[in-house]
Structures are given as structure tokens and as C-alpha cells.
Amino acid sequence: MTSIWRKAVRDFWQERARTTLVVLAIALGISAFCAVLSAYAILTRELDRGYLATNPASAILSTDRIDDELISAVLSNPAVSDAEPRRVVTGQIKAGPAQWRNLMLFVVKDYGQIRVSKLERQQGAWPPAAGEILIERDALQVARAKIGDTVEVKTVNGVEQPLFVSGSVHDVGQAQARMENIVYGYITLDTLKQLGEEPYLDRLNILVAENRFDQEHIRSVADQVKKLLESRGHAVRRVDLPQPGKHPHSDLMGLLLLAMSSFGLFVLTLSGILVVNLLTALMASQVRQIGVMKAIGATRNQIARIYFGQALLLGGVAVILALPVGMFGSRILCRYMALFLNFDINSFAVPLWVYLLVAVIGLVGPLLAAAYPVWRGSSISVLAALGDFGVAQERFGVSTLDRALARVGGTLRPLALAIRNSFRRRTRLALTLLTLTAGGLFFMSALNIRASMISTLDRLFATRNFDLSVGLSTMYPLEKVEHAIQNTRGIVRGEGWFTMDGSLANGAETAVNTSAHSEKQSGPHSGGPGTERFNVIALPFDTTLIKFDLLDGRQLAASDTDAIVVNNALAARSPEFRVGRRVSLQIGPQVTSWIVVGIARESFSPPVAYIPRSFLDARHGEMANTLRLRLEKSDPDSISVVKSDLDRNLTHEGIRAVGSVSKTESRFAFDQHMLMIYVFLIIMSAIIALVGGLGLMTTMTLNVLERRREMGVLRAIGAKPYIIWLIVVVEGLVIGILSWAMAAIAAWPISRALGNMMVKVLFTSGLDFTFEPVGLLIWLAVSVVVSIAGSFLPAWRASQLTVREALAYE
Amino acid sequence: MFAALRDVELAIEAGEFVGIVGRSGSGKSTLLNMIGGIDRPSSGIVSIGGKSINELSENRLASWRGRTVGFVFQFFQLLPTLTAAENVSLPMDFSRTFPARERRQRALALLERVGVAQHADKLPSALSGGEQQRVAIARALANEPPIILADEPTGNLDSVTARDVLDLLRTMAAAGTTVVIVTHEADIARVIDRKLEIVDGALSNSAEPAK
């Protein structure tokens, strides 16, 4: 090692307290970046690998009865490598004395022969025997059941039956049951028969033989199969084409991780600011040394190399510290995300490119941060360097701000000194403020976004004046439905609505689903991108159970025959949905023409069109397939009692209810998604505040170091140690409060933009912005605590200096 | 514009030991800095060994300085984080005048020559003023420069140590090194070959051989 490198190392060792702080801050940034980057690499690999391992269906065709002959016919198409029939039946499962949860029952003919969309066996029996049910592992909690229990189940057409929970499975392709508040169950055809349903399979999962990831190819093969089915007299109700090779939540996860990666880089940038501060101060304190080195033959490049070497050293040590922490963090993140998306991680192996990228960024980042101070510091001439009288000779009092500050503090001179001191090193102050302000901004944004999410959801749910929504197995005469409602105690008002699938007449999607509930309950993820169909709800024009929050136009009126109100999600889909414009919709088998009379705001909702039920009454008579009910009491127990009572009355009328969602339950699903954003922002702000705190501590250490002589003078003229301590702490406090003020000013626009951006990723819908004033107060308290904590140690050290030491310092 | 030096015309022979004297602010240090390539004249030339150094770029000047000039400062100016031997090795590292493996041996030899070899592995803070200045002189000799420039090298030393340092410089000059020293020392005449007096930035006519 040459003397040049020895100097680089020992200079840092001499300033080990400062160096440690900076290394910690950089390591924190690199750890955050490393954790997210590794998690991204692991999760995308494992999610898609785990999903692909299940051999997910290329296309799913919903038809009528599928028999072996039909399967053979489909398999005779060389473009189809495999085909397997399934059935999905909706129903309810009893989760408490009077509590029913929505149930999605997957019916499999032969559990030993599952080749497409495979299930992973978890615990207990395999396959389930007749009268037994396997429950998706995450759904056990929703069902409040465990293996060995007997649960009550009822399906669309069946009767309430006890089923023995004989085991659990993992269904990679399903969203987390807890978040969706739904139970996924797996049974055989025999069990389906026991439940009172006709034992047949109607969903054909096909796998294409070639080009498995080519959507166009899959579409064309699915079309061939559809035609084959139709040619053999089978009606095809719908064709679903999942995104090939991609887990349904893969893109969502990618977006979330991308947001987190950006955050990791942001923290790294903030920690780079500390490097700028440290090296600027280091170079300022070594001006004479630079002069001497130049005098004895060092070129500017050689000088720069010493300090770049130091920056490299900082980065190197930080990378070594950060890698294990980052890897640990990535495991936590992976586990959390895997739980959220309900999949298993088989390997936490991190690809080499992640290590390399982290190392490159960890090493190059500090070098970039060092570039300006090193370039500037190494350019000083020998003469100027040798003539330097020390680092504390900056000229204070020249600018207007200095003169204004000179009037601050009044007769309380130590306070005045502390306030003025804060502004002496402006660049350093600005950089320190930047980190602290960023922490405050993220924290206040987290609270504001949370408040905005609550307010947006409140506004959405305020438009819904019903407490319970009940789906019926098919359409029933309205008169009978109303009779059952009237006979049920606890219902203030009830209406029978009719829900259908619809699409723009020029959109060529297949068919209609006339059952009340499609296979997936309407929740935060329904109606995602790629679906061209939307819900069409026929409701009484004078309904009191929904009050449109109109963005444009008007409500439905008594005289309307061809009027339609669309929600903003549908309006955003096509420019045709504008007030006053006429649109052609395929609703049922018919194409009909409608005039858009209103656009209603329904945040976080899937696309929906509302039409007057008179349209339907004229064609099918007065029928309904869903109920909306306002109840006297809306607590879960009261709702359960009403549901049981209503169920009995509906059965009495010959009507089968197949599922229900209370307002509280749908709100819960939204809240779970929102919580994720909120927690993410809070963690971000905590990490940034930590970097900010370390930054402040570095700044205060540098400030104290540079002003040792002044402190010696203060001590010499009678200042007691605690006064010195106080001056330094107040200086830190001034910086902390300044950062709070800046964050407070910027919080409104920033949190609004950030909230909209993040919520749009999840729901393709913006926020009703609400400012949370409590955030200001909490962050003020945090700023005060961080400022005092950050300046405590430097202040204490300053107060311990003897006059002789302070004055002798050069 | 204030001129620190004016109408200075000076030639110093190789191996000469020249003392520059004068009051504070008279321009002594400026003259020394001109000779060492630390400062540049606003007009005129500074030619060392036939080379006009005031025309060199900063980087070339630094390289030239490393090989040609050894500096000794009043406040020693040793780098506090390097040991005595490492301080002496530093100019060799910068100028790469000796192979890396030989540099420590050479540094130790130079420290031996100035009488502080026993302190080779100590940090400057552990050395007395006189010892530090000896190390500084050893550092100045590291690249075997033909010229040593010393700015008040005894200004911070007691009289006994100052005498030792001057004797050391005299020995260097006797060995063929050109030594130019700026000093206030009264008995400088004892060691130097020629004394130059600067008054208000100009060389006094009284400049004369010391012995």
C-alpha cells in the first residue's frame, strides 16, 4: 500500500465517528435498494415459476356439460396439447353460528389426473372422498375452520349440507382468500351431487401445444375450440384468456416492487448527500495538507485520487455492511409479498446480477457524490492552500440573509448565536434539510393518503344506502322476491335488481353471464384491465338504495326508456361514454341503443352501467337476480340473523340465494389493500427519517469540529459547558424545525400526487384528497426528537472540550 | 495592483546556500514561492536549470516540483495521519522516482541522515518540533532534488534545535544541493554562502556574499 492509500484510510480512521455515520447512512440506502432489488428478482422468478409449475390453462371456455367424447374431440386438434374439464360453483359456507361466507367450489373429476391448473397438496387427505372438502390453505381462516372440522355448505341449487374438511390445498392461481374475504373449496363430482347440484362439469381448461406465451395464437386456438364445441351443439357462454405465463397478480407485484425500488434509489441518493457533506468538510479541513502535497509534487489528479479513494472506501464498506442486511430485508419482503399473493417461495437464491448491480451502485454512488467536492477541493492552488487559515473563516454577514439573521434572537445571545450558526454553511444546511424534509414529506403523505383513502371510500360507500347485497341463483319473479323481503324482520327497505354482463356492441367478447354473481365476487380486483365486458345493472329509476355521485348529467328518470348512467370507470374506458352520446351495447343476446344521461363517480369500482329496469320488465316481465337491502342494524351479528331469516323466506318462495356481501365486508377488502400502501409509506418515512437523522448528526459533528476555536473563545469568556451544549442542540433544533416547515408546505401537493399515483397502480382510480392536520403535529414532534437526538452527541462532545484544547485546535 | 516584488533580477548557482532576509511583508516568501513554482510572476521569467517554469501548466509544475524542489516549511506541515517514514515516502509515491519496494528503505536512510531514524514509525504528533522539522527536511530530500527551499525553517524551534537544523541544511549544500532559505535568524551568516536582503519587494544593493 502506498502512502497515498495509507493516508486515505487513516484520515477516515481519524474521523471514525463521522465516517461511521456516513457509512451507516450509505449502507442504509444500499440495504433498502438491495432488499427491494433482490425481492424483485426472487419474487418475479418464483411467482412465475410457481405459477407455470401448475401448468396454468391457456384458455378457459365456459360451456354446458362436458363429457369424455367432447374432450377427445378437443384433443384431436393438434394445436391443443391438453384439455381438462372443471366446474366452479358458487355458494356459501358457514363460518359462525349465524355467519355465512362466500364460497367458490372447484369441482374436479379425478384428483389423480390433474394436469392443467394443478393444485398443490398441503395437508390431510388427497383426494377428497365423497362428502369431503379440501379448503385452500389461506381460506381456512376465512372459513374459520381447520382440518377435521365439519362445515355447513350450500350451493346455488343445492341444499345445506355438512362437509368434512379432510385437507388443505394451495391454489397458486387464486388471489389471497383473506384479502378477498372468500373461501375456495375443492370437491369431487360425488360431493357436488350430495350438495344437491347436478353432477356435471362445464368449464374446459385447455392448454395450447405450441407458443404457450403467444396471446394471439392462444386466442386463435381458443376460437377453434369454441367453434368445435358449438358445432357439436354446445353453447359457449364465455371464453377467458388469462395473460399467458403470468400470475394474475404478477404485474401488480411488479409495479409495487418498482415503486419500492425507486424508493431504495431515493434513499441511496439521500445518503449520497451525506457523502457530499463529509467530503466537502474533509477537503475543507485539509486545504493545507492539499497545499503541502502539491508543493512536494502531487498533481491535481493524484490529490483527487486520494479523496476518490476515500469515497470508494466508504462505498465499499457500506456495500459489505449492506449486503447481508439487504438480503435479510429481501427475505422479509418476499415472505410478506408471497403471503399477500398466496404463493410459495422455493428458493431465495439471489441472481448474480443483483449483487453486481448493488455493488456497482454502492461504489459508484459515493464516487458521484464525491465528484464535486473533490473536483473543487483539488483545484486549489498551492499558494491559496498554504495561505489558508483554517476552515472556520467563512464570511458571515455579507449577504442580506445574514444581516436579517443578525436581528434574530434579541438579547438572548446564545440563542441568537445558535440560530445564526445554523445558516453559516448554506450548502450543507440545504443538503441536510433535503433529507429531513423528505422524511417529513413521506410521513405526512402517508397520513394524508390514508385520510384521503378513507374519505374516498367513505364517499363511495355513502352513495350506497344498502347494507347487504344478496345474489340469487337465477332470475326470479320480483313479486316473490318482494314477498320474501316483506316477511323478513330487520329490513328497512329492499329492492330487486337485475345484474347482467354487457359490452360495447363493437367489442367482440363472448356471451353473457346471467347469473347474479360471476365466478369472482366484485372486489377491489374485479374488472381489471383486459376485460372488455362490464356489469349492467337494471334498477328502479326511483331507487333510494343508491344515490349517484354525479360528475356529469343526471339521474335516471321515470320517463327514461333508453337512458343509461355509467360510472367513471366505464366512462374512462371509451370516449363513447359521454353525456348526450348514443351507444350501442350488447346486453344479453341483443344489441340495443342507449343514450348516456349521466356519469357517476364510483371510486375503486369496476366499470358499471345502470339502466332503468323498465327496459327489462318490458322484455322478461318483472324479474330480479340480486337484492339490495337496507337493514335496521348493520352490525355483523344482526346482518347474519337477517340473512338466515331472509334465506328461509326466500326458500319458502322457491328462491335460492347464492351469496351475499355486506357493506362492511366489501369495505374490509378495500381497507386491506389500502393498508398495504399506508404501511409501505410509513416504513419509507421511518427509513428516510433515520437517514435524515444520521445526516443531521454528521452536519452537527462537522459544524462543531469547524467551530472548536469559537467554542474555546466562548468558554474563555465565561460560557459554561451546558451553554455550549445548548447552542449546538438549538442549532440542530432550528434545522429540524426548518425541515418540518418545508415539509409542511410541500406536503399538500406532494402527497396528493403521490397518493393518486400509488392508488392508480392498484385501482386505476384517483383519490379525494384530504389533508390530515394531525400529521403536522406528529412530524413536528418527530423533527424535534430527531434534531435533539442527532445533535446531542456532537453537542456533548463540544461541551466537554477544555479551553486549551479548543484554542489549540488547528 | 500591489506588487509584492519588483525589478528582481537574481541568479543562484548550483550548490549555493543562499539566505534571503528582510522584514515581514518585504516579499521574501513571495520570492521563494516564485523559485519553487508555487507563485507566478505577473511579468518576467523564472528559469530553473534553463527551464522557464512560469510557462508550465499546474500539473506539469507539480511534477517538476516533485522532482526538482524540496520544500521545508516553518510549521513543518507533516501530514498528521502518516508516520515519519510515510511522510518521507510520499514525494516518492507522487513522483514515482524510486521503485515502490525501495521507497521505505530510502525514507529510513534519509531519516537516519537527519538523525531521527528511531522515530520512523511514529506519527508527527508524537515528535517534538525539532524532530518534526528534521523529518520535513528528510521529506524535502526524498526525490534527491537539486534545490531545497526553506521558508523560516527555524521559526518555530528553540535556538539549539534551530542551530542543528541550519547545520543540516549546510551539510546538504556542501553535498551539492542548492539551498535557498528565508529566515530571520541573526546568525544565518554563519552557514550561508550569500545573503540577499529584500526591502519593499526589491533586492537591496547590500546583497553580498556572506563569507
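Q: A strand is a DSSP run of E that holds at least two residues. In which loop of chain A does A:Pro127 lie?
A: In this predicted model, A:Pro127 lies in the loop between β4 (120–124) and β5 (132–136) of chain A.

Q: Why is the peptide bond from A:Trp126 to A:Pro127 called cis?
A: Omega of the bond from A:Trp126 to A:Pro127 is near 0°, and the bond is cis. Most peptide bonds are trans.

Q: What is the phi of A:Ser117, which is not a glycine?
A: A:Ser117 has a positive phi of about 50°. Most residues other than glycine have a negative phi. A:Ser117 is placed in the loop between β3 (99–108) and β4 of chain A.

Q: Why are α15(A) and α23(A) called roughly antiparallel?
A: Helix α15 (residues 426–462) and helix α23 (residues 773–800), both of chain A, pack at an angle of about 150°, and their axes are 10 Å apart. Angles over 145 degrees count as roughly antiparallel, and α15(A) and α23(A) are therefore described in that way. The crossing of α15(A) past α23(A) is right-handed.

Q: Which residues of α15(A) and α23(A) meet?
A: From α15(A) come A:Leu436, A:Gly439, A:Gly440, A:Phe443, A:Met444 and A:Leu447, which meet A:Gly775, A:Leu776, A:Ile778, A:Trp779 and A:Val786 of α23(A). By class, this contact of α15(A) with α23(A) has 8 nonpolar and 3 polar residues, and no charged ones.

Q: Why are α3(B) and α4(B) called oblique to each other?
A: Helix α3 (residues 84–95) and helix α4 (residues 100–113) of chain B pack at about 120°, with 9 Å between their axes. An angle between 115 and 145 degrees falls in none of the parallel, antiparallel or perpendicular classes, and α3(B) and α4(B) are therefore oblique. Their contact includes B:Val88 and B:Met92 of α3(B), together with B:Leu108 and B:Leu111 of α4(B). In that contact of α3(B) with α4(B) there are 8 nonpolar, 1 polar and 4 charged residues. The passage of α3(B) across α4(B) is a right-handed crossing.

Q: What makes the pair A:Arg10 and B:Glu86 a salt bridge?
A: The closest N and O atoms of A:Arg10 and B:Glu86 are 2.2 Å apart. The cut-off for a salt bridge is within 4 Å, and A:Arg10 with B:Glu86 meets it. Between chain A and chain B the count is 2 salt bridges.

Q: How many residues does each of chain A and chain B give to the contact, and how much area do they bury?
A: The contact takes 25 residues from chain A and 25 residues from chain B. Chain A and chain B bury about 2300 Å² between them, and 61% of it is on carbon and sulfur atoms. Of the area that chain A buries against chain B, 25% is supplied by A:Ser3, A:Ile296 and A:Leu383, more than by any other three residues.

Terms used
Residues are numbered from 1 along each chain as its sequence is written. Chains are lettered from A and ligands numbered from 1 in the order in which they are written. This is a predicted model: local features need pLDDT of at least 70, side-chain atom pairs count only at pLDDT 80 or more; totals for chains, interfaces and linings use all residues. Side-chain values use heavy atoms; hydrogens and water are left out. Axes are lines fitted to C-alpha atoms, for helices over the stretch in contact, and angles run from 0 to 180 degrees between N-to-C directions. Helices (H or I, at least four residues) and strands (E, at least two) are DSSP runs, numbered from the N terminus. Angles under 35 degrees count as roughly parallel, over 145 as roughly antiparallel, 65 to 115 as roughly perpendicular and the rest as oblique. A crossing is left-handed if the near helix is turned anticlockwise from the far one by less than a right angle, and right-handed if clockwise. Contact means heavy atoms within 4.5 Å. Ala, Val, Leu, Ile, Met, Phe, Trp, Tyr, Cys and Pro count as nonpolar, Asp, Glu, Lys and Arg as charged, and the others, Gly among them, as polar. Buried area is the accessible area (1.4 Å probe) that two parts lose on being put together, summed over both. A salt bridge is a side-chain nitrogen of Lys or Arg within 4 Å of a carboxyl oxygen of Asp or Glu.
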